[in-house]
Amino acid sequence: MNESDSERLANYLESYGYALAQNINTAGAVILTTCAVRQMAEDRVYGLAPQIKANNPNCKLILTGCLSGRSDVQERLKDVVDIWLPIFSLPKLIKLLEPERTEINDETGSYLSILPRYSSTFTAFVPIGNGCDNWCTYCAVPSARGREVYRPAEEVLAECRALISAGYKEITLIAQNVNSYQSDDYNFAQLLKAVAELPGEFWLRYATSHPKDMSDELIAVMAGNQKICQHIHLPAQAGDNEVLARMNRKYTREHYLALINKIRTAMPEAAITTDIIVGFPGETHEQFLCTAELFRQAKYDLAYLAEFSPRSGTPAARMIDDVSAGEKSQRKKALDEILSRTALENNQKFLNQEVEVLVNSARGERCFGKTKTYQTVQCQGDKSLVGQVVKVKINEVKNFGLYGELVK
Ligand code: SAM
Ligand code: SF4
């Protein structure tokens, strides 16, 4: 989401005659798009912001993203940040930079209606909304990004149409919880179907589904349309019902596992990935073992494993962070080992098979890309293949990568 926001910021400023600076130390303005999900990301901003201002005292330092609305951050960085910009106030940025300017585009519309300057020529993120109303107790996003707001379906479809006619090969619809999408009589499943039915050859992805409201309709739409990549990112966060309740996730492990079962029945080849937080306040060893058991049963292809870190202002920050750092790291390691096994097992089915790969980078004589189910693939080839969908015959599989030869 931050990447997409930065693309909108770039296009917005270019529309007022600004251009990308070549050197941060001589730039007239520097924008920090911040993330508040983990403490580490926040700490980086505390180091970076004073450093930017020290090296370039004349620049206007603009801080946007998840930290921009936090009063403790504003206090801490008050001497170095010139403009605090909640991202939904993007249409007002020019007034803040140049108060005397008179020709100004509409400052009242949604910031999501501002088109981005895409950083890639073949793959694009298309936000369908912003904000989150779910209030998971550990998460900084709802207070940082505000209530859920969704883009009109026609606007999303128009952006996708333009990308397809410009030759984009991959479109990813994004929102904190796509399943809550509702606009112009479209729910998310209907929107996804409408995008997939646009004429043209492209791959369609989305992120992220909340397990509490991923619908049967969405599973059926995914199973029934070739253009929709069969990769589902379904954050479990934990596998113990008591921990899930204290996280305010509003589903049970039984519900989650039933969902996995429905997905695997409808799409036996689908890849399923997840997010897990280990060491949530009060998580006992037995409760962690329930998470490990769910993790084993779900047979994930990939997982983002995080150690709980208290985020200022969230309910979980007021709970006792009583799982030691050593224990959190042990729990993470245990899940990592399960993941290595399930990912390798899942990847075996690709051995000696031909797969389609969208090449996203090249180094020397090697190309790197992703399959429709999000496996990373390496094969021989050069940068002329970047942005193309190629066929690769897989001759070696590892836990997090497939290796093969280009099929001519
Ligand atoms: N909307 C998505 C969902 O429902 O799961 C997740 C978005 S969140 C910005 C990205 C991930 O960061 C979460 O899935 C969670 O695993 C992790 N995360 C968020 N807050 C955290 C915290 N306080 N400590 C550790 N990890 C955290
Ligand atoms: Fe955060 Fe929960 Fe919203 Fe995801 S669903 S962004 S974890 S509050």
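Biologist: What volume does the second largest pocket have?

Modeller: First, a caution: this model is predicted. Now the general idea. Rolling a probe the size of a water molecule over the atoms shows where empty space is left. Here, the second largest pocket has a volume of about 550 Å³.

Biologist: Which residues lie nearest the centre of that pocket?

Modeller: Look for L13, L20, A21, A29 and I31. They belong to a lining of 21 residues.

Biologist: Which element gives the largest share of the lining of the second largest pocket?

Modeller: Helix α1 does, with 7 residues. It spans 2–15. Strand β1, at 29–34, also supplies at least two residues of the lining.

Biologist: How do the residues of this lining divide into nonpolar, polar and charged?

Modeller: Count 12 nonpolar, 5 polar and 4 charged.

Biologist: Let us turn to the ligands. Which residues come nearest to ligand 1?

Modeller: To be counted around a ligand, a residue needs a heavy atom within 4 Å of it. Ligand 1 has 16 such residues, and Y138, Q176, Q237, D275 and S309 come nearest.

Biologist: Which atoms of ligand 1 and D275 pair up, and at what distance?

Modeller: An oxygen atom of ligand 1 sits 2.5 Å from an N or O atom in the D275 side chain. With R249, an oxygen atom of the ligand is 3.2 Å from a side-chain N or O atom. Y138 uses its backbone: a polar atom there is 3.0 Å from a nitrogen atom of ligand 1.

Biologist: How much of ligand 1 does the protein bury?

Modeller: Start with the ligand alone, which exposes 570 Å². The protein buries 89% of that.

Biologist: Which elements give two or more residues to the shell around ligand 1?

Modeller: Strands β12 (271–278) and β13 (302–307). By class, the shell holds 7 nonpolar, 4 polar and 5 charged residues.

Biologist: And which residues are around ligand 2?

Modeller: The list is C132, N134, W135, C136, Y138, C139, V141, P142, Q176, H210 and R249. This shell divides into 7 nonpolar, 3 polar and 1 charged. Y138 and Q176 are on this list, and both are also among the residues that come nearest to ligand 1.

Biologist: Last, the overall layout. Where do the domains of the chain run?

Modeller: The domain assignment gives domain 1 at 2–97, domain 2 at 121–348 and domain 3 at 351–406. To place two of them, compare their centres over C-alpha atoms: 36 Å separate domain 1 and domain 3.

Key
Residues are numbered from 1 along each chain as its sequence is written. Chains are lettered from A and ligands numbered from 1 in the order in which they are written. This is a predicted model: local features need pLDDT of at least 70, side-chain atom pairs count only at pLDDT 80 or more; totals for chains, interfaces and linings use all residues. Side-chain values use heavy atoms; hydrogens and water are left out. Domain bounds come from an automatic or database domain assignment. A polar contact is a pair of N or O atoms within 3.5 Å; within protein, one must be able to donate a hydrogen and the other to accept it, and residues adjacent in sequence count only if both atoms are side-chain atoms. Accessible areas come from the Shrake-Rupley method with a 1.4 Å probe; for residues, only the protein chains shown count as cover. Helices (H or I, at least four residues) and strands (E, at least two) are DSSP runs, numbered from the N terminus. Ala, Val, Leu, Ile, Met, Phe, Trp, Tyr, Cys and Pro count as nonpolar, Asp, Glu, Lys and Arg as charged, and the others, Gly among them, as polar. On a 1 Å grid over the protein atoms alone, a cavity is a set of points where a 1.4 Å probe fits but cannot get out, and a pocket is an open set with protein on both sides within 12 Å along at least five of seven lines; lining residues have an atom within 4 Å of a point. Grid points are joined across faces, edges and corners, and a volume is the space filled by probe spheres set on the points.
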